[in-house]
Amino acid sequence: MNYCLFLLAQAGKAQANLVAPSISPAFVRSLRAIPGLARLTVHRAGGRAQDPAIAHGEGPAGVFQFYFDDLPALEAALARGAALDCAWRRSDVAALQDLRWSQQVMAVRRYALATAWPRQEKAVRQACTYFVSYEGRAADDEAWLAHYLRHHPPLMKKLPGLRALEVYSRVDCDNGLAISKSRALQRNLVMFDSLQALNEALDSPVRRELRADYEGFPAFEGVSPHGAMETEIHAPTLRV
């Protein structure tokens, strides 16, 4: 298990396209050079997912995911005045007034898949992600999460064309970033080669199995946005 910092941008539909042009190559290079960073993933709102199990598929306008191999390394990066804080405060992205940014640190559960991509050899990999968040609370958060982990991922792994599957749960830590904190109970994502591949998976019998399993979840109060995202997976900057 490793750890991930989420930086999430929320926007109205008219402002959702602000994220993509503001993520400059220079900004991404500064993020990739953060000490201890194991991987950087950048998501932008993409085309609409055709999900027959839910009425709509609106997710965030943009998401940054910063992966670290251990919590102390992530906490060092979160310190006030550290590389991540400095890069963020100097960026054009942080200055966009039409976006509402929030952050959350979460533990990462990554699942082995027979259909996973081979080892990443290039600096950037393109993908399409279905990004899901459970924003609220259950009557018993731990019981809800335990039920989810035991029942849902085994079904998700059966989705045709699935390239990556990750599930995230809350973590408390020492965090000096001056960005509002969110408290989602859980997040998860499934990655595919393209939006077409995602929609084919959502049209499969496995999606109906997942919906049937969801109906048996413990009680949950909140919202669960789902959204298709255009994704770039960046390897960290190599140091010699």
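At what angle do the axes of helix α2 (residues 25-32) and helix α4 (residues 83-90) cross? Select both helices: their axes come within 9 Å and cross at roughly 165°. Before going further, note that this is a predicted model, where local features need pLDDT of at least 70 and side-chain atom pairs count only at pLDDT 80 or more, while totals for chains, interfaces and linings use all residues. Residues are numbered from 1 along each chain as its sequence is written, and side-chain values use heavy atoms, leaving out hydrogens and water.

**First stop: α2 and α4**

Helices here are DSSP runs of H or I with at least four residues, strands are runs of E with at least two, and both are numbered from the N terminus. Axes are lines fitted to C-alpha atoms, for helices over the stretch in contact, with angles from 0 to 180 degrees between N-to-C directions. The crossing angle makes α2 roughly antiparallel to α4 (over 145 degrees; under 35 is roughly parallel, 65 to 115 roughly perpendicular and the rest oblique). Now show the side chains of F27, S30 and L31 in α2, which meet L84, A87 and W88 in α4 (contact means heavy atoms within 4.5 Å). By class, this contact of α2 with α4 has five nonpolar, one polar and no charged residues (Ala, Val, Leu, Ile, Met, Phe, Trp, Tyr, Cys and Pro are nonpolar; Asp, Glu, Lys and Arg are charged; the others, Gly among them, are polar).

**Next: α6 and α8**

Move to helix α6 (residues 141-156) and helix α8 (residues 205-214), which pack at about 170° with their axes 9 Å apart. These two are therefore roughly antiparallel as well.

**Then: the aromatic rings**

The structure holds 16 aromatic pairs (ring centres of Phe, Tyr and Trp, the last by its six-membered ring, within 6.5 Å; planes under 30 degrees apart are stacked, over 60 edge-to-face and the rest tilted). For one of them, select F6 and Y168: the centres are 4.8 Å apart and the planes at 90°, so the pair is edge-to-face. F6 sits in strand β1 (residues 2-10) and Y168 in strand β6 (residues 164-170), 162 residues apart.

**Last stop: S102**

Finally, find S102 in strand β4 (residues 100-110). Its contacts include F6, L7 and I179, not counting residues up to four places away in sequence.
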